[in-house]
Amino acid sequence: MVSVNLSSVTVLASLLPGLPAAPAVPVLPPAAAAVAAGTTYYVDSGKGDDSAAGTSATAPWKSLDKVNAADLKPGDAISVKRGSRWTGTLTLSAEGTAARPIVVQPYGQGPLATISGQEGNCVVVSGDHWRVSGLRASRCQWAGFEVGGDGNHLVGVQADRNIAGIWITPTGSRNVVRDSTLKDNDRMSVNDDAPDNDSGAFGILVNGDDNLVTGNTITGSNAPSHDYRMDGAAVEIFDGDRNRVTYNRAHDNETFTELGATKGKTATGNVYAFNVVTSSLPQSSFLVTRGPRHVVGPVLGTVAVHNSVYLPGPRTLGWSCHGGCSPSILRLRNNAVRVGGQAGFEDGKGADEAGSVYEGRTARFRRGPGTVMADPRFVSRTDLRLRPGSPALGRGLPLSAAWFGGTALTTDITGKPLSSPPAAGAYQP
């Protein structure tokens, strides 16, 4: 940001009262070739043999069971043949280190290797410091990828037709999910006639703390619901603190993000920045959070900054902060939001909102400094760059790096630095 001295950034609590400090942004994984080399094992469902040595592409193993039983050490790698298909669970329980992670990577030609099966979650990462790429998890029991360890990275993976494409469990912390495709994870976990309890159809479900979800494409998290007509979320955070959700592109999800917390637990200080959210669905929303009067509230200190949203359907919602909303529940800055329904909703003392452009059929919130109700003039329904003359140009307020979750997350979705003053939304001119 041109007008901010990032070297003088203090903790998030001092800049945004009531919020915890922004965690350090995890260092993204190096290329597999740059990691200190250990032993590389190969697995091929078509031409492999579990009696083979497994240490070369010409003598690969065949089964997931063989991989699961391997005595893996820091720096080792599992090379998975593209086009392979398995039914079952790949269990990644060994311990890598930050300097020498254990790597899962593709080799050969063709589509990503696919793991499926209703007997369990398809890929379970219970160890620490894994780097997993080149896998697709489809039609699994509950989650395509279950991540319960610390310091793990899922990069370039795919998940579809699950209840949760990726599930970061309550023990999953300081993990990274990036540059991955979560498509049509459209199955419900709970869908019954008990009131207000349906759930499921998650692209990514986050129950852990200090995770980074960035650069992903998330589509089709949308399923019929007895309670809500339709339900689903691209990224759902429940009982997770200080997670950062940035630079993601989401399309045709019932909700981009929904937050909640079990009574006595927290979902505090989560940040959403530079996400691009579109939908052609008649019912969809950008952000839903809750105050202390809600059964899954309060959710404290959520920040949504520089997001671009276009949801033209008739039953659409920009953002909702209900059950006792207040500035300690939700802070919004520099967003560009156009919906066919309600631009935003607050009750109680209301959210802390400023520097944004909204258009909707209705709106029920107090506009903060600099905010206007106007057409943000996106290029199209799916291209949310700003046209010349957009009221979002120069609309945003200058912000410190703490608003974005760290200095590494302060450029727009294309990598451009913020202009001065910044444009509202995920794109700078």
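Trainee: Which is Asn-222, buried or exposed?
Mentor: This is a predicted model, where local features need pLDDT of at least 70, side-chain atom pairs count only at pLDDT 80 or more, and totals for chains, interfaces and linings use all residues. Numbering starts from 1 along each chain as its sequence is written, and side-chain values use heavy atoms, without hydrogens and water. Relative accessible area sets the class: under 20% is buried, over 50% exposed, and in between partly exposed (1.4 Å probe, protein chains only). With a relative accessible area of 18%, Asn-222 is therefore buried.

Trainee: Where along the chain does Asn-222 lie?
Mentor: Its surroundings include Asn-185, Asp-186, Met-230 and Asp-252, which Asn-222 touches (heavy atoms within 4.5 Å), not counting residues up to four places away in sequence. Strands here are DSSP E runs of at least two residues, numbered from the N terminus. In those terms, Asn-222 lies in the loop between β20 and β21 (223–225).

Trainee: How many residues does the largest nonpolar core have?
Mentor: A nonpolar core is a set of buried Ala, Val, Leu, Ile, Met, Phe, Trp, Tyr and Cys residues joined through side-chain atoms within 4.5 Å. Val-123, Trp-130, Leu-135, Phe-145, Ile-166 and Trp-319 have the most contacts inside the largest one. A second, separate core has 26 residues, including Tyr-310 and Trp-403. The count for the largest core is 67 residues.

Trainee: What is the relative accessibility of Leu-287?
Mentor: Leu-287 sits in strand β29. Its contacts, leaving aside neighbours within four places in sequence, include Leu-259, Tyr-272, Trp-319 and Leu-330. Trp-319 in turn is in contact with Leu-330, Phe-345 and Phe-365, among others. Leu-287 counts as buried because its relative accessibility is 0%.

Trainee: How many Å separate Thr-171 and Ser-320 in space?
Mentor: Thr-171 is in the loop between β13 (164–168) and β14 (176–178), and is exposed, with a relative accessible area of 57%. Not counting residues up to four places away in sequence, Thr-171 touches Gly-148 and Gly-149. Thr-171 and Ser-320 are 149 residues apart in sequence, and their C-alpha to C-alpha distance is 29 Å.

Trainee: Which residue does a cis peptide bond join to Pro-421?
Mentor: Most peptide bonds are trans. Pro-421 is in the segment after β39. With omega again about 0°, the partner of Pro-421 is Ser-420.

Trainee: Last one: what is the phi of Asp-184?
Mentor: Most residues other than glycine have a negative phi. Asp-184, in the loop between β15 (181–183) and β16 (188–190), is partly exposed, with a relative accessible area of 21%. Arg-377, in the segment after β39, has a positive phi near 60°. Asp-184 is not a glycine, yet its phi is positive, at about 55°.

Methods: Helix = DSSP H or I, 4+ residues; strand = E, 2+ residues; numbered from the N terminus.
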